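Subject: Structure handover

Hello,

Here is the structure you asked about. Please open it alongside this email, as my notes follow below.

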Amino acid sequence: MATVVTKAVEEPKKTVKRDTLRAIEQKVLQLWENEHAFEINAPTIEEEPDDSILHEKYPKHMGTFPYPYMNGRLHLGHLFTITKVEFATGYERMKGKRALFPLGFHCTGMPIKACADKLSREIEQFGPEFKIPDQNNLEESVKNLELNDDNAIKSQDPSNKVSSKKGKVAAKSTDLKYQFQIMQSMGVPYNEIAKFSDSNHWLYYFPPLAIWQMRKLKDLNKVKFGERYTIYSPFDGQPCMDHDRQSGEGVGPQEYTGIKLQVIEWSKEAQNVLGSIEELKDKHIYFIAATLRPETMYGQTNCFVGTGLTYGLYKINETDVFLCTYRAARNMAFQGFSSERGVVHQLAEIKGTALIGTKVKAPLSVYERVYILPMENVLATKGTGVVTSVPSDSPDDYTALQDLKKKPDYYKIDPSWAAFDPVPIIDTPAYGNLAAPTVCQQKKINSQKDRVQLAEAKEIVYKEGFYNGIMLVGDYKGKQVQEAKPLVKNLLVSTGQGFVYNEPEGLVMSRSGDECVVALCDQWYLDYGEEEWRKQAENCLKKLNTYGTETRHQFEQTLAWLNKWACARSYGLGSRLPWDPQYLVESLSDSTIYMAYYTVTHLLHGGTLDGSKPGPLGIQASEMTDQVWEYIFCDGPFPTTSSITQEKLDKLKREFKYFYPLDLRVSGKDLIPNHLTFFIYNHVAIFPEHNWPRGVRSNGHLQINGEKMSKSSGNFMIVAEAVEKYGADATRLTLADAGDSIEDANFEESTANAAILRLFTLKEWCEEQVKNQDNLRMGPTDSFHDRAFENEINKLIQQTDKAYEDAFYRDALKYGFYELQTARDWYREATANEGMHKDLILRWIEVQALLLSPIAPHWSEYVWSEILSKKGFIINAPFPKPSHSVDESLLEAAEYVRKIIKSIRDLEIASQKKKKKGKAEDFDPNKPKTLKIFIATSFPEWQDIVVEALKQNFNEDTKSFDDVKIREYLSEKGILKNKKTMPFVQEFKKRVEKFGTVAFNRALLFNEHDALVTSKEYLQRSLGYVDVKVLREDEAKEEEEKRAIELAIPGEPGFLFKNIVEN
């Protein structure tokens, strides 16, 4: 088990209870293993030859979880997601279905390769026995394990230096600085760790599963080859897809138009720095700006640089030199803008301040030449560090230019350099032909320091220009901006005045530790986003149960933008691309339909996962040809050339046809933009529609004790640690209580400790009741409390059933565990005199075990077999059904009695507060006392008028009230000025909002008088009264009794409590 430093953890105060529960878990696990309890097979062809009625006769459920990368032990976040499938599987099994939850492990891709490479470097540093040097040399050792300096990202500005990154583990603040220490903490024997420096060894220690679909996708023309821009790791020498990344998952290429502003005349300072550099002579030198709005280039008035930045001049070819940041030049070097791919050839560097005043030619601008000027907040981490200025349509450019015009001396510029007026280039309906100046004036933006207002102005101007703007100048004058934008871009590129430039949308770090770029690569890619394929995916989504609108919306957004995805890499672990074996299949592309393989794996594998030993059918891995898979998975023709008999193939096909389509796929929400969407795309491409997936559920990340789970902070826990610390069932119960939505959930260790106590205490109580069952009351179960208790059990069975069906496991726990025990506690207290009924208590214990079985199966199995002596496993027992139809009136009556007790206690407390304040209250709840409860049979007339007003003016379609007409009605009836009226109106509106139109019927479903009379003894005992009387309103004779009845309405009686006067 891993030893992980944790923060603010709570150790169980005593371990006896936990250890008892863990011993039960181990015993139950052994019983399940001996009986192969969870190994589920399809009905044989002999049992049911007719496929058309197979699922109707033998209902099934199959759920899966994305197999994790096995570069480490699973943590609680993994387990949280897994429990969603686990709980669903347990529930569906109890509903009479053959429920299958298979799980493999992922050993392709970069995570394992990165770990193996780290180990190799550590072996070089410390030797195969990993002897760490003295502490004084530790930091130097870590430095030596970093990436080679040639591959580090070098900033040309010392003040903004970006150093090479340490490995993910080395950077952590825990004691585990090296990969070999991580391996040791995972439980790998010390003398075997060195073997893991060979990435292939992981494939045997954590074996892989096969894939087969790539050839079929290519045959369907879903896989294509061509040049495309992709996130790329220079260190690894290949595309860096989402799961190959240390950070930046979901970040893609951002396309700009690179604008070439040719230098006409250097500023004096720039001339002094650059004039003597021989390699710059007779070269075409360009400032390179990156823009998202090429259509606005007609309005360029100047070009900005950051005075705090350092720029480089980079050789692109024999004639051209680009001036920009190193980061931009590095990206360009992988996009064809260098003499050697990926090599940045820097000729010189220069501070931004030295460039101010340089005269340049701006492509398409109405001005023949413009100047380089200073701008605040130019970023070296976005674009090229060069910002071309269009003040007519960019609020940022406009305010910066105005600042320069107002304070030329402050900014150290010649006023003539900024003496260029904004040029009208786009006409908009809302803001005219100078949108940026107009919006800035409207928002009273006076300086480029007004960042918040400028961001708002930018969004307004850009949206108005793009959607409603008309070009006023240039080759495409009169065209809408939306139409002109790509045309102007093409014009710039075709005339050599611009080019297509891409960079990552945000910072992306590969698992190898280097900053990624965007590269233009020849590569195999999956043509996601292709019109017909996307339509199929959208049709699948329409029928898919997503268990919440948030997940559906994220799928819809992903399908709207997802485009060509690189499906091959040259480095890492994985299967070779069948038609081009120099490449490996990318890890997110080889993990989309393996769920289908789960259905047949038990027949193909003989105790190994690498296919080296045949399974029960005796089929060799080499016999599983494409034609065989087509027959099994895709209703293809029988493979007549196959060496496998039809009987064996039909057995495989039956297993697949029975368990498919997949009923449930559960994953973290971070996989919606990639894996889960790919999962949909690949299923609709490969399988017929009746085998498309039926359900996908996503969940948020898991916090521990309300804080983000993080190795670096120590707030982290692996599964093995949680199980040792709390036991399996307490951990599962806490995860069920953690949350069910797409929002982040929370594992509270205090809840886990409380779960241990609750499960242990409940186990002992059940044992005691069964052992002493002959001492429990027998005979009829027709008393109010018996009937109410049985009725509540039935209601909670229904509510728990619905919660499980909807996959709301916190609610299932609420109804089927916490509230079920609350009902028992109330019954035990209410029947303290006559005693609990034997049949009802045994029924309660059985129901409790069954309802909790999907969440805490070990505990439930123990109660089922050891305490109740039931035959068979509880995991195979049917979900409980109500013994009778639920009596809603009886439920209300029982709740009413409980509410009465709380109301009386609250009144007693209020009376004592008044007494302390000196108000006349001579009642002492600690002395002998009596209670009179007065029941009203009708509501006050003014309330009936209010309810009628609300009822007449409620719109059922919109679920809203017409407040104007309500006030008119109440005014006509003369009760609008009653101080009680409007508060009652608001309170009753809330009732309608909660219960719907049924709230207008205020009649009680139960006999209030009978419920209280039946519960007199319970009330006396619970509240400590010597005597309790239940009286109707006409029995109130004395003045104080009449005052009490004035406050009563049906369902809310009046109370009169007194101390007994001693004679």
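Is Lys-535 buried, partly exposed or exposed? Lys-535 is partly exposed, with a relative accessible area of 40%. Please keep in mind that this is a predicted model.

Lys-535 has a charged partner. Its side chain meets that of Glu-532 in a salt bridge, at 3.8 Å from N to O. Both residues sit in helix α16, which covers residues 531-543. They are three residues apart, or about one turn of the helix. Glu-532 is also partly exposed, at 48% relative accessibility.

Next, the strands. β23 (residues 664-668) and β24 run parallel, joined by four bridges. One detail to look up: Arg-665 has Val-696 in β24 as its bridge partner. Together with helix α22 (residues 672-686), the two strands make a right-handed β-α-β unit.

β24 spans residues 696-699, and both of its faces are covered. Val-696 and Ser-698 are buried on one side. Arg-697 and Asn-699 are buried on the other.

Which residue forms a salt bridge with Asp-663? The partner is Arg-694, with the closest N and O atoms 3.1 Å apart. Asp-663 lies in the loop between α21 (646-659) and β23, while Arg-694 lies in the loop between α22 and β24, so the pair ties together parts that are 31 residues apart in sequence.

**A link from loop to helix**

Arg-1002 forms a salt bridge with Asp-944, and the closest N and O atoms are 3.9 Å apart. Arg-1002 is in the loop between α33 (981-995) and α34 (1008-1014), and Asp-944 is in helix α31 (residues 941-952), so this pair connects parts 58 residues apart in sequence. Arg-1002 is buried, with a relative accessible area of 15%. Asp-944 is partly exposed, at 39%.

Best wishes

Key. Residues are numbered from 1 along each chain as its sequence is written. This is a predicted model: local features need pLDDT of at least 70, side-chain atom pairs count only at pLDDT 80 or more; totals for chains, interfaces and linings use all residues. Side-chain values use heavy atoms; hydrogens and water are left out. Buried means under 20% relative accessible area, exposed over 50%, partly exposed in between (1.4 Å probe, protein chains only). Two strands pair if DSSP finds at least two bridges between them. A crossover is right-handed if, with the strands pointing away from the viewer, the path from the first strand over the helix to the second runs clockwise. A salt bridge is a side-chain nitrogen of Lys or Arg within 4 Å of a carboxyl oxygen of Asp or Glu.
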